[in-house]
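Trainee: Please take a close look at one part of this structure, and describe it in connected form.

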Amino acid sequence: MITKKYFFTFLLLITLFSPVLAFAQGLVPCGQPNTPMCKLEDIFVLISNVYNFIVWKIATPLAGILVVIGGVIIMISGGPGGANPVTGIVSPNMYNKGKSIVTGAIGGWLLVFCSWLIINAVLLALGLPGY
């Protein structure tokens, strides 16, 4: 069952990324009006376009937003063993949560980028011209 928290988080993400998704219009390189018919080699161009879109238009800004959110949580927590500067309450859980958000965002972005390097190398080896 979907709770309200997840529903509103989903709506927020859709709202934030709807302008980015509008730029996905040029992903299919053929078969559109005023473009040539599709050939077999166009599937590799499509794969490259989709993966570049995911890496550069979705994953990179999302990782940046998560690093900022994690940094704000770390600052609000007052650091490791420190007290919150506003309330004076010690909250090591907030520090650990912010730290895990930052490290997860950076690790996830590195994983996505390394997979992009591998896929790009394979597509170049298959003869697709580089972008």
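The helix pair and its cavity

Mentor: H2 passes H3 in a left-handed crossing, meaning that the near helix is turned anticlockwise from the far one by less than a right angle. The two pack at an angle of about 165 degrees, with axes 8 Å apart; axes are lines fitted to C-alpha atoms over the stretch in contact, and angles run from 0 to 180 degrees between N-to-C directions. H2 is therefore roughly antiparallel to H3, a term for angles over 145 degrees. Their contact involves 24 nonpolar, 8 polar and 1 charged residues.

This is a predicted model, in which local features need pLDDT of at least 70 and side-chain atom pairs count only at pLDDT 80 or more, while totals for chains, interfaces and linings use all residues. Residues are numbered from 1 along each chain as its sequence is written, and side-chain values use heavy atoms, leaving out hydrogens and water. Confidence (pLDDT, from 0 to 100 for each residue) is highest in H3, at a mean of 88, and lowest in helix H1 (residues 4–22), at 67.

The whole structure holds 1 cavity of 30 Å³ or more: a set of points on a 1 Å grid where a 1.4 Å probe fits but cannot get out, with lining residues having an atom within 4 Å of a point. Helix H2 (42–77) and helix H3 (92–125) each supply at least two of the lining residues, and H3 gives the largest share, 4 residues.

How values were computed:
1 Å grid on protein atoms, 1.4 Å probe; cavity = no way out; pocket = protein on both sides within 12 Å on 5 of 7 lines; lining within 4 Å. Points joined across faces, edges and corners; volume = space filled by probe spheres on them. pLDDT = per-residue confidence, 0-100. Parallel < 35°, antiparallel > 145°, perpendicular 65-115°, else oblique. Nonpolar A, V, L, I, M, F, W, Y, C, P; charged D, E, K, R; others polar.
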